[in-house]
Each structure stands twice: as C-alpha cells, then as structure tokens.
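Q: Could you walk me through how the local features of a protein model are read, one feature at a time?

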Amino acid sequence: MTLSPNLRAALNAEETDQEIVCLLTISHPNFTEPMRVTDSPVTVFDDDVYGIDSRGDRFIYIPFNFTMPDQNDTAVPTVRLSVENVSLEITEAFKKMTSPAICLFELVLASSPDTLEMVYEDLILRGGQGDVLYVSADVAADDVTRERYPADSYSPFLYPGLFS
C-alpha cells in the first residue's frame with residue numbers, strides 16, 4: 001500500500017479543502033452485481049440518492065465504518081466493518097453471503113473521483129451478522145500463515161540435480 005502524493009499532501013496538511021472519500025466494493029457469487037457504497041454524500045443523484053461516480057461505477061452513500069483490530073501477535077489482524085442498515089437491500093445482501101465475499105477498499109479525492117489514491121484489494125469479508133441498526137462483518141487480508149512453507153519438497157523426483 002502506497003499513498004499517492006495528492007493523498008499524502010491532504011493527510012499532512014493542517015487544513016485542506018480536499019475531501020477524502022472511501023469507496024467500498026463487495027463482490028460475491030450470489031450477488032447479481034457487486035455492492036458499491038461510499039461513506040461520503042458527494043453528489044445528489046435522482047430521487048434524493050447521494051453518492052459518487054468513480055471510473056464509470058456508481059457508489060451509493062451508506063454510512064459505514066471500520067473498527068481497527070486489537071494488537072495480537074497470535075492471530076491474523078481482522079478489521080470489523082459496520083454498515084448502517086438503512087435499507088432492506090443491505091440486509092438481504094448480507095444474508096446471501098453464505099461463503100466469504102471479496103472486498104475492495106479504495107480512497108479517492110472528491111475533486112478527482114476517477115483517480116485512485118490508495119487501494120486495498122482482495123480483502124476477505126466473512127462472519128456477517130446484523131440487527132436493526134447495523135450489519136457487520138470481519139474483514140481480513142489473506143492469511144499467509146496457512147500456506148505451506150516451503151512451497152515445494154526437495155525430493156529426488158522434483159530436484160534430481162540436488163541428489164546426483
């Protein structure tokens with residue numbers, strides 16, 4: 001993850017007119033199309049729906065936040081995503097996720113929504129639950145500690161040069 005110079009300047013400035021906008025895309029095989037939400041009501045669309053257009057995709061304004069993980073050396077860091085349960089569609093979408101979903105988190109500036117300033121790709125969303133106010137789930141990067149190490153066995157069949 002690298003920060004763009006524009007985002008770095010906006011974050012380090014004492015005051016700025018740049019609004020940082022979070023874009024969240026949740027994809028799942030049970031969805032007919034990805035769920036795209038933003039945390040900022042930048043533009044008013046038809047029927048008083050707020051959101052932002054970025055790179056040809058419409059992100060609808062639905063307040064959400066992330067709860068950072070505890071510092072624990074024994075577990076994979078997991079962030080808690082909480083989305084305000086403002087419509088029945090959100091509840092239904094989370095109920096359709098019978099297996100982990102893929103989450104894409106992007107930051108853009110409201111003044112240039114087609115330019116990605118920071119991207120987190122291939123985050124895994126699982127463990128969805130909800131109530132009347134919020135729908136929440138755990139978000140984590142792929143757990144590399146579960147991958148086999150070393151990836152290959154140094155056997156005579158795979159590496160005959162080592163055994164001659």
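This is a predicted model: local features need pLDDT of at least 70, side-chain atom pairs count only at pLDDT 80 or more; totals for chains, interfaces and linings use all residues.

Q: Which phi does R55 have, and where is the place of R55?

A: R55, which is not a glycine, has a positive phi of about 55°, and its place is in the loop between β4 (50-54) and β5. With a relative accessibility of 34%, R55 counts as partly exposed.

Q: How many salt bridges does the structure hold, and what is the general idea behind such a pair?

A: The general idea is that side chains of opposite charge can pair when their charged atoms come close. In this structure there are four salt bridges. One of them joins the side chains of R36 and D57, with an N to O distance of 3.6 Å. Because R36 lies in strand β2 and D57 in strand β5, this pair ties together parts that are 21 residues apart in sequence. R36 is partly exposed, its relative accessible area being 22%, and D57, at 26% relative accessibility, also counts as partly exposed.

Q: What distance, N to O, goes with the salt bridge of R58 and D53, and how are these two residues classed by relative accessibility?

A: The side chains of R58 and D53 meet at 2.9 Å, N to O. R58 counts as partly exposed at 42% relative accessibility, and D53 counts as partly exposed at 34%.

Q: With which residue does D138 form a salt bridge, and is R80 buried or exposed?

A: The partner of D138 is R80, and the closest N and O atoms of the pair are 2.6 Å apart. The relative accessible area of D138 is 28%, so D138 is partly exposed. R80, at 19% relative accessibility, counts as buried, because that class covers values under 20%.

Q: Turning to open spaces, how much space lies in the largest pocket, and which residues are the closest to its centre?

A: The largest pocket holds about 460 Å³ of space. It is lined by 19 residues, of which P34, M35, E89, I90 and A93 are the closest to its centre. At least two lining residues each come from β2 (35-38), β5 (57-61) and α2 (88-96), and α2 supplies the largest share, five residues. Sorted by class, this lining comprises eleven nonpolar, two polar and six charged residues.

Q: What lines the second largest pocket, and how do the residues of that lining divide by class?

A: The second largest pocket contains about 320 Å³ of space. Its lining consists of F66, M68, P77, V79, F105, Y120, L123, V139, A140 and A141. Two or more of these residues are given by each of the elements β9 and β10. By class, the lining divides into ten nonpolar, no polar and no charged residues.

Q: Finally, which residues form a nonpolar patch on the surface, and is V132 buried or exposed?

A: A surface patch is read from its members and from their accessible area together. Here V132, L133 and Y134 form a nonpolar patch on the surface, and together they have about 340 Å² of accessible area. V132 lies in the loop between β9 (112-130) and β10 (134-140). Because its relative accessibility is 72%, V132 counts as exposed.

Terms used: Residues are numbered from 1 along each chain as its sequence is written. Side-chain values use heavy atoms; hydrogens and water are left out. Patches are made of residues with over 30% relative accessible area and no salt bridge: like charges are joined within 9 Å, nonpolar side chains (Val, Leu, Ile, Met, Phe, Trp, Tyr) within 5 Å. Accessible areas come from the Shrake-Rupley method with a 1.4 Å probe; for residues, only the protein chains shown count as cover. Helices (H or I, at least four residues) and strands (E, at least two) are DSSP runs, numbered from the N terminus. Buried means under 20% relative accessible area, exposed over 50%, partly exposed in between (1.4 Å probe, protein chains only). On a 1 Å grid over the protein atoms alone, a cavity is a set of points where a 1.4 Å probe fits but cannot get out, and a pocket is an open set with protein on both sides within 12 Å along at least five of seven lines; lining residues have an atom within 4 Å of a point. Grid points are joined across faces, edges and corners, and a volume is the space filled by probe spheres set on the points. Ala, Val, Leu, Ile, Met, Phe, Trp, Tyr, Cys and Pro count as nonpolar, Asp, Glu, Lys and Arg as charged, and the others, Gly among them, as polar.
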